[in-house]
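Subject: Structure handover, with notes on what was found

Dear colleague,

Please find the structure below, followed by my notes on it. I would be glad if you could read the notes with the model open beside you.

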Amino acid sequence: MLRNYFTIALRTLLKNKAFAAINIFGLAIGISASLVIWLLVNYHFSFDKFEQDGDRIFRVVSRFSFADEKYFNSGVPDPMGPAVRNEVTGLEKVVSLRTWDNDGKISLPAKSDKEPVLFKKQGGIVFADSNYFSLVNYQWLAGSAATSLKQPYQVVLTKSRADLYFPGLDKASILGKQIYINDTVALTVSGIVNDIRENTDFTFKVFVAYTTLETTSLRPDSWQNWNNTNGAQQLWVKLLPGTNAKNVEKQLSQLTKKNEKREAGDKSKSWHNLQPLSDLHFNADFRGYDLPTAHKPTLYGLLAVALFLLLLGCINFVNLTTAHAAQRSKEIGIRKTMGSTRKQLVIQFLTETFVLSFLATIISIALTPLILKAFAGFIPKELEFSLTAQPGMLLFLLVLMLMVTILSGLYPALFLSAYKPVLVLKNQAFANTGKTRNAWLRKSLTVSQFVIAQVFIMAAILVSKQITYSVNRDLGFKKEAILYTHTNYYDTVPGNKHLFASKLRAIPEIALVSLSNSAPSSNNTWSSTMKYKDGKKEVETDVQQKFGDTNFIKLYQFKMLAGTNVGHSDTVNGYVIPSKHSAKSWSGAARTYPLLAW
């Protein structure tokens with residue numbers, strides 16, 4: 001019997017090729033869009049699910065309040081790690097990390113008269129203590145987690161970096177080899193681990209022993225300063241089973257009060273909280289590492305959009321099928337006369353819908369890689385579509401086909417199977433009745449389809465205007481023909497940046513050179529407080545500062561509304577305050593961003 005249902009369904013589709021093609025491609029577009037959205041949402045929600053006891057892993061983060069302004073920082077003061085390890089109870093593991101900028105330089109020792117092998121812009125470098133590999137699970141190919149980061153100047157490489165730096169060597173032979181970081185610090189390879197294949201925000205590739213910082217020029221100036229918080233200084237903890245995170249936060253608060261040294265009149269406040277590992281990929285206030293954060297409400301909204309697009313495809317199918325009903329009425333009348341029950345007819349029409357859904361799903365599988373490629377600029381490059389590598393995808397597609405079959409086929413099946421054979425055979429199925437042509441459900445579906453189409457057209461026009469505005473908006477400064485680069489933050493020779501600027505000025509093709517801590521549109525600013533008198537009282541307010549030389553305003557062609565440019569000085573003795581419009585262009589926020597003389 002089931003075989004007969006499929007045979008009749010295929011014959012019907014082949015007989016009505018144009019009708020079947022329209023329905024199949026209409027459903028395929030809805031299924032493809034839903035599939036791509038599901039891939040994207042599933043990708044983001046799968047991050048860091050492989051860590052053992054992930055519900056007990058937290059990152060210590062910082063919150064601040066300056067002059068009624070709130071700030072968030074994923075880092076902690078440099079000395080907090082050892083203090084937490086010695087004084088805070090309820091912790092199983094304490095892991096200190098120091099992230100490195102993404103343009104680190106790795107070099108190999110020169111062989112005889114050859115030049116040293118140099119690898120520029122090497123991201124994923126981190127200083128980690130020996131507990132790191134007991135917090136995040138890696139597969140060891142050489143060396144061991146117990147000893148590989150115990151001593152200063154040890155380094156652990158992932159397999160991809162080991163293959164890059166030492167091509168052709170087996171992993172055991174790489175142990176003991178040396179690499180240099182920024183041409184200054186020699187490191188000995190003590191271990192090699194496999195790259196994490198699961199989705200994770202721990203994207204580090206080169207792990208330098210944390211104790212190396214204590215004995216090299218790479219150590220930050222704030223090493224023992226409790227009043228300085230740097231986002232590069234990270235602290236992770238793993239709680240003992242049964243430990244309450246709130247109790248640990250209370251201990252962190254007591255530890256901070258004990259060690260911070262505040263000046264008289266300092267009204268700023270600071271807090272340290274525990275951020276769950278599951279929140280790492282979704283919290284824009286504290287952010288992760290190299291990967292951008294996702295927004296949970298947006299992901300849930302995308303799921304709603306996927307369901308909406310799927311329903312839209314189903315509505316289109318229902319409208320087309322019911323509009324096609326007159327051509328099937330005689331078939332239904334004859335089959336009922338020959339003894340078919342309404343249940344058999346419902347199963348027959350649902351079978352036809354299932355075949356259409358199956359063919360639409362096959363087409364959507366072929367379309368999905370093309371859609372991912374077309375939107376590659378908006379989709380994470382790690383996101384892949386593979387039925388073999390993602391076995392859960394087959395289950396998702398099966399559920400999707402069944403859902404589409406029920407949503408699309410149930411109403412037409414009930415509608416068509418309800419025809420009375422006597423009226424059909426007398427060609428009076430639609431005579432003197434509005435039960436079909438004026439049925440409220442079909443009318444509602446038809447009207448809603450047109451309304452939705454209009455909403456999409458208006459939304460497309462609105463988005464187009466927003467994009468045009470964003471691209472052509474006047475930022476308040478020149479950005480054409482300007483290149484921006486930055487020097488080594490850890491350079492111990494202050495004059496090097498001025499020497500570099502002088503050599504650039506000597507190049508005839510370069511018209512102007514300016515030294516600054518960041519570009520105008522960069523969010524990289526220094527936070528501080530300033531006091532001023534408004535005529536009645538002294539007001540303390542928070543400011544975000546950018547430092548630049550006398551060429552900064554000239555290079556970016558800012559329009560001076562009043563006053564003069566900052567003067568050349570080796571100390572800060574003047575500043576320029578941008579207008580409200582310029583401040584928004586400089587930073588994306590309506591705050592005061594003075595340019596301080598450098």
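Tyr132 counts as buried, because its relative accessibility is 1% and buried means under 20% relative accessible area, with exposed over 50% and partly exposed in between (1.4 Å probe, protein chains only). Before going further, please note that this is a predicted model, in which local features need pLDDT of at least 70 and side-chain atom pairs count only at pLDDT 80 or more, while totals for chains, interfaces and linings use all residues. Residues are numbered from 1 along each chain as its sequence is written, and side-chain values use heavy atoms, with hydrogens and water left out.

A search of the whole structure finds 26 aromatic pairs, where rings of Phe, Tyr and Trp (its six-membered ring) pair if their centres lie within 6.5 Å, and planes under 30 degrees apart count as stacked, over 60 as edge-to-face and the rest as tilted. Tyr132 and Phe207 form a tilted pair, at 5.3 Å centre to centre and with 35° between the planes. This pair links distant parts of the chain, 75 residues apart, with Tyr132 in helix H4 (residues 132-135) and Phe207 in strand E12 (residues 206-209); helices (H or I, at least four residues) and strands (E, at least two) are DSSP runs, numbered from the N terminus. Phe207 also counts as buried, because its relative accessibility is 0%. Both residues belong to one aromatic cluster, whose members include Trp140, Phe202, Trp236 and Tyr289.

The ring of Tyr289 has the charged end of Arg59 over it, 5.8 Å from its centre, the criterion being NZ of Lys or CZ of Arg within 6 Å of the ring centre and within 35 degrees of the ring normal. In another such arrangement, Lys296 lies over the face of Phe282, at 4.9 Å from the ring centre.

For the backbone, Arg287 has a phi near 60°, a positive value in a residue other than glycine. Arg287 lies in the loop between strand E15 (269-276) and helix H8 (296-323), and is partly exposed, with a relative accessible area of 43%. Gln557, in the loop between helix H15 (552-556) and strand E18 (575-576), has a positive phi near 55°.

Two further loop positions may be of use to you. Asp170, in the loop between helix H5 (159-165) and helix H6 (171-174), is partly exposed at a relative accessible area of 44%, and its side chain makes a polar contact of 2.8 Å with that of Ser173 (a pair of N or O atoms within 3.5 Å; within protein, one must be able to donate a hydrogen and the other to accept it, and residues adjacent in sequence count only if both atoms are side-chain atoms). Asn517 is placed in the loop between helix H14 (496-505) and strand E16 (526-533) and counts as buried at 17% relative accessibility. The C-alpha atoms of Asn517 and Lys546 are separated by 6.4 Å, although the two residues are 29 apart along the chain.

With kind regards
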